[in-house]
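Dear colleague,

Please find the structure below, together with its sequence. A summary of the findings follows it.

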Amino acid sequence: MEEHRILVHTSRIPVRWGDMDAFGHVNNTVYFRYAEQTRIEWLEKLGINDIVNADSGPVIINASCTFLKPIVYPEIVDVATMIGKPGRSSLPTYFEIRSSGIDATLYAEGAAKIVWWNPRTGNSQPLPDFIRKIYTHS
């Protein structure tokens, strides 16, 4: 049974000519950048803006992507970020990259696990309640 996921943010991202590689489609590393951009926009919406100087914040401990169809310029993609059930200090996030066109072609889907940590100690710490509540109140 698949985990319950909650949509928390969607970004519309224009594909740039420079996103493509020698094979004439968007390079696989760029899919991760699209997912990262959308995840960061969501965190900024929550008021998490200065991760570098904060006492605590999110870090990615793993990321994956299943490439379903190649993206080719010109295109505009919708990148959706979803969250799953929070753990003590971790939050599973998921993403889908789709065409913004009528057919909404699914180009890729993936995941990134966020862990809340203290940058001074390097240790994980409990997720903030306001993050946990997003899941429990949906």
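A residue is called buried when its relative accessible area is under 20%, exposed when it is over 50%, and partly exposed in between, with a 1.4 Å probe and protein chains only. By that definition, arginine 120 is exposed, at 58% relative accessibility.

Please note that this is a predicted model, in which local features need pLDDT of at least 70 and side-chain atom pairs count only at pLDDT 80 or more, while totals for chains, interfaces and linings use all residues. Residues are numbered from 1 along each chain as its sequence is written, and side-chain values use heavy atoms, with hydrogens and water left out.

Salt bridges

A salt bridge here is a side-chain nitrogen of Lys or Arg within 4 Å of a carboxyl oxygen of Asp or Glu.

Arginine 120 pairs with aspartate 55, with N and O 2.7 Å apart. This pair links distant parts of the chain, 65 residues apart: aspartate 55 is in the loop between helix H1 (28–45) and strand S2 (57–67), and arginine 120 is in the loop between strand S5 (106–118) and strand S6 (123–124). Helices (H or I, at least four residues) and strands (E, at least two) are DSSP runs, numbered from the N terminus. Aspartate 55 is exposed as well, because its relative accessible area is 54%.

Arginine 12 and aspartate 78 form a further salt bridge, at 2.7 Å from N to O. Arginine 12 belongs to strand S1 and aspartate 78 to strand S3 (residues 76–83), so the pair ties together parts that are 66 residues apart in sequence. Arginine 12 is exposed, at 55%, whereas aspartate 78 is buried, at 18%.

Arginine 16 and aspartate 19 also form a salt bridge, and their closest N and O atoms are 2.7 Å apart. Aspartate 19 counts as buried because its relative accessibility is 2%, whereas arginine 16, at 52%, counts as exposed.

Histidine 9

Histidine 9 is located in strand S1 (residues 6–14) and is buried, with 13% relative accessibility. Its side chain makes a polar contact of 3.1 Å with the side chain of glutamate 41. A polar contact is a pair of N or O atoms within 3.5 Å; within protein, one must be able to donate a hydrogen and the other to accept it, and residues adjacent in sequence count only if both atoms are side-chain atoms. Leaving out residues up to four places away in sequence, histidine 9 touches Thr38, Glu41, Trp42, Lys45, Val79, Ala80 and Thr81, where contact means heavy atoms within 4.5 Å.

With kind regards
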